Amino acid sequence: MSRCLSDDALERDLAELASVAERAHLAGCAACAARHRRIRGELARITDVLRDTPEPRTRPVPARRRRWMPAPVALAAAAAVLLIWVEVAVWRAVTPVPPTMQPQEVTAILADVSAALFSVSGDPPVAAAEDPRLSLEVMAQELDHALTGGAP
Ligand SMILES: [Zn+2]
């Protein structure tokens, strides 16, 4: 008679996957037959428990309460907002505000710029070349003075 079967071999027999030699040993060995019955009983109990036990109920997870920010984080955020507000206020106070331009000035400057930009020869029109008031440098100065508020 061959050696007694391992638990794996007995489980294979329960799954009807045992070899002919394993089945022959099991049929003739009382010890292996007893182990075979014990394993079958355990598997039957596991099967019953899995089949008959209701699934555990799931409870809805209570929604977490909204928590306030921790005090240090709130203070840091408030300090950052205050710092930005102060910076903007200081920047506005320091930055010179150009005087408002009259619409006629804006129209004249834009016409000059347009004439310079869209001239075919690359220079201002001939009439502008003769008129020193319409040269590019003069126009740039006019624009600069108009925007910064300086005297032309
Ligand atoms: Zn045996």
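Me: How do you know that helix H4 reaches close to its expected span?
Reply: Helix H4 (residues 71-94) has 24 residues. The expected span is 1.5 Å times one less than the number of residues. For H4 that gives 34 Å, and its first and last C-alpha atoms are 34 Å apart. A helix here is a DSSP run of H or I with at least four residues; a strand is a run of E with at least two; both are numbered from the N terminus.

Me: What kind of model is this, and how are residues numbered?
Reply: The model is predicted: local features need pLDDT of at least 70, side-chain atom pairs count only at pLDDT 80 or more, and totals for chains, interfaces and linings use all residues. Residues are numbered from 1 along each chain as its sequence is written.

Me: What makes up the chain, helices or strands?
Reply: The chain has 7 helices and 0 strands. Along the sequence the pattern reads α-α-α-α-α-α-α.

Me: How many residues of H3 are buried?
Reply: The count is 1 among 23 residues, and H3 is hardly covered. Its length agrees with expectation too: the 23 residues should span 33 Å, and the end C-alpha atoms are 33 Å apart.

Me: Why is Leu14 called partly exposed?
Reply: Leu14 has 13 C-beta neighbours inside 10 Å, so it counts as partly exposed. Leu14 lies in helix H1. Leaving out residues up to four places away in sequence, Leu14 touches Ile39, Arg40 and Leu43. Touching means that the C-beta atoms, placed from the backbone, lie within 7 Å.

Me: Which residues join H1 to H3?
Reply: Asp7, Leu10, Glu11, Asp13 and Leu14 in H1 meet Cys32, Arg35, His36, Ile39, Arg40 and Leu43 in H3. The contact has 5 nonpolar, 1 polar and 5 charged residues. Nonpolar means Ala, Val, Leu, Ile, Met, Phe, Trp, Tyr, Cys or Pro; charged means Asp, Glu, Lys or Arg; the others, Gly among them, are polar.

Me: Why are H1 and H2 called roughly perpendicular?
Reply: Their axes are 10 Å apart and the angle is about 100°. Angles of 65 to 115 degrees count as roughly perpendicular, under 35 as roughly parallel, over 145 as roughly antiparallel, and the rest as oblique. H1 and H2 are therefore roughly perpendicular. Ala9, Arg12 and Asp13 of H1 make the contact with Glu22, Arg23 and Leu26 of H2. Axes are lines fitted to C-alpha atoms, for helices over the stretch in contact, with angles from 0 to 180 degrees between N-to-C directions.

Me: What makes Glu16 stand out?
Reply: Glu16 has a positive phi of about 60° although it is not a glycine. It sits in the loop between H1 and H2.

Me: Is Glu16 buried or exposed?
Reply: Glu16 has 7 other C-beta atoms within 10 Å, so it is exposed.

Methods:
Two residues are in contact if their C-beta atoms, placed from the backbone, lie within 7 Å. A residue is buried if 20 or more other C-beta atoms lie within 10 Å of its own, exposed if 12 or fewer, and partly exposed in between; C-beta atoms are placed from the backbone.
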